[in-house]
Amino acid sequence: MAAGSITKMLKLKRIAIDTYRDNVAFLARNCHHYRPEEFQALRKIEISGDNRHLLATLLVTDDEAIVGPDELGLSEQAFRRMELKEGSTVTIMPAEPPESLEFLREKIHGHTLDMGQIRSIITDIAGYRYSEREIAAFLVSCAGFMTTHEMLSLTRAMAEAGTRLHWDAPAVVDKHCIGGIPGNRTSMIIVPIVAAHGLKIPKTSSRAITSPAGTADTMEVLARVDLSLPEMRRVVEECNGCIVWGGHVNLSPADDILISVERPLAIDTREQMVASILSKKLAAGSTHLLIDMPLGPSAKVRDHADALRLRKLFEFVGDQIGLAIEVIVTDGEQPVGRGIGPVLEARDVMQVLQNDPAAPADLREKSLRMAGSLLETDPALRGGAGYARAKELLASGAALAAMERIITAQGKAAGDVCPGNLTHDILSPRDGTVLAIDCYRLARLARLAGAPMDKGAGIDLYRKIGDVVSAGEPLYRIHACFNSDYNFAVKFASEGSGYVIGGAA
C-alpha cells in the first residue's frame, strides 16, 4: 500500500466520543481510498500526517454521519494526541507489532529483563502500542516475579517516558500517601505550610481511581487543577508550591496506563507500587520525598512486617535514583478527618487552615507532623524545630495566605459546591463504644453515593474509634446528589455500616 500516495489521503475529523485512555480511529466501510478488510487482522493502524504519527485501534462504521468515505475520525483522546487540525490530511497503514513484545514473552516465561528491555516495553506502552491484554500480561508476569533491579529499571524507564521537570532550587520536597485511608487529605495542608516557609513543593496529585476522592478531585473544589506545564511552573515560581492534577503534565504517562489496567485486575504488588510512586516523583524533579504509610486492618499495609519490607524497597530505589526518602508509618485504623468525598474533605482542609475550632484535630495534627518533617529539609532550620515551625506557620495565618495565593494563581473554582442535599443518617444500633471502623467499606459507600464524580457526594463522620455512642445516635451522614446513587448507598449501608460498636459503656 503506497501510504504517501495523494489518492490515499483522508481528511481528519474530530469525533466527540470519550474513549478514556485509548486512541480510537473510525473509518467508513465504503471508504474511497482504503478497504477496511485490509486492517481487520491486527485492528491497530498507524496514522501519519505532517510528520506526526499515532497508533490507534480501528473501528469501522456504516454511518456516514460519523465519518464520510474520504474521512478518518479520531476520538477526543486520539485527536488531541495527534496535534493536527480538523481537515488535515493523513494516511493510514497497518501497525507493525512492537518489537518489545518479544521481551514481554521472555518475561512471561520467567526470564529476568535488563534495563534496555524494560525501557523498550515501557516506551511502547507509553506510545499506546500495546493492547490492554498485552499490558495485562506484562503486569501479571511482573506480579509473579520481579527482582529489585527490575523494579529499579521499571522506575527509571517510566520516569524517562514522559515529561521530566527540573527546578532552580537546591531542595524540592514532596509528600505522597500510599493510600487506602478515606479523608486523608493532608497534602492540601502540608503544601501551603511548606510553601509559606519558602521551600519549593510542586505537588502533582492523582484523581481517584477506586477511592472516593484523590487530592486533585478535592483541590478542584477550590481551584483549577488541569494546568499545563508552563502554567504549573508559573504557579510554583510565584507561590513556591502548587496542587495540580499530574495527568495533565504528562509525568510518567506509562504509569497511568498501567494503573488503568492494574486496578480492575486487583494487581497491587509492592514492587509495582514503589516503581509507580517513585517514577512520578523522579519525573517531577523532587529531591526529598516524605511517604505516608498508613498501617491498619483495612488499609493497604496491614502488618508491621509488610510495612518494613515496603520501606526497604522505597529506600533501595530512592538511594539508586538520588531521591532522599523518609517513610512515616501512620495510624490507618480509621478515616482521617470527618469528610469523605471532595466537598466534605475540602471543608475539613479549609477549617484546619483557618484555625477553626471545629477543624478535625486528627487531620490537623497529622498534617503538622508531616509538614514538620519536610521543613527539616531546610538547612537553616535547627534540627528538631520543624514541627514547631509548621505549627507557627499554621497558627499565624501564613499557611492560609499561602493557600489563597496558590488558589488564585491556579484559578479559583467558579461558584461554590455544596454537600449533596439527599441525606441519610446511619444510626448506632446500641449503646456502647466505637471499637473499629472499616475504611474500605466506607470508601465503597462514598463512591456508591456518587463521589468523586459528584463533588458534593460522600460521607460526613460524626463518631470515631473510642467515642461513646447511644442507641439511635448518628454515626455518620450519607450525602448524595442523585436518587439512584442515594438508593444504592443507603441499601449498602443498611447491609453493614462499617462500624463495630462494643457493649454498653
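Q: How much accessible surface does the protein have, and what share of it belongs to carbon and sulfur atoms?
A: Accessible areas come from the Shrake-Rupley method with a 1.4 Å probe, and for residues only the protein chains shown count as cover. Here the surface comes to about 21600 Å², with 52% belonging to carbon and sulfur atoms. Do keep in mind that this is a predicted model, where local features need pLDDT of at least 70, side-chain atom pairs count only at pLDDT 80 or more, and totals for chains, interfaces and linings use all residues. Residues are numbered from 1 along each chain as its sequence is written, and side-chain values use heavy atoms, leaving out hydrogens and water.

Q: Why does the radius of gyration agree with a compact globule?
A: The radius is taken over C-alpha atoms, and the globule rule is 2.2 Å times the number of residues to the power 0.38. For 505 residues the rule gives a value near 23 Å, and the protein has 25 Å, so the two agree. Its C-alpha atoms fill a box of roughly 80 × 55 × 50 Å along the principal axes.

Q: What percentage of the residues is buried?
A: Buried means under 20% relative accessible area (1.4 Å probe, protein chains only). In this protein, 55% of the 505 residues are buried.

Q: Which contacts should I look at for links across the sequence?
A: Contact means heavy atoms within 4.5 Å. Among contacts between residues at least 6 apart in sequence, 80% join residues at least 24 apart.

Q: How many helices and strands are there?
A: Both are DSSP runs numbered from the N terminus: helices are H or I with at least four residues, strands E with at least two. The protein has 17 helices and 18 strands.

Conventions: Buried means under 20% relative accessible area, exposed over 50%, partly exposed in between (1.4 Å probe, protein chains only).
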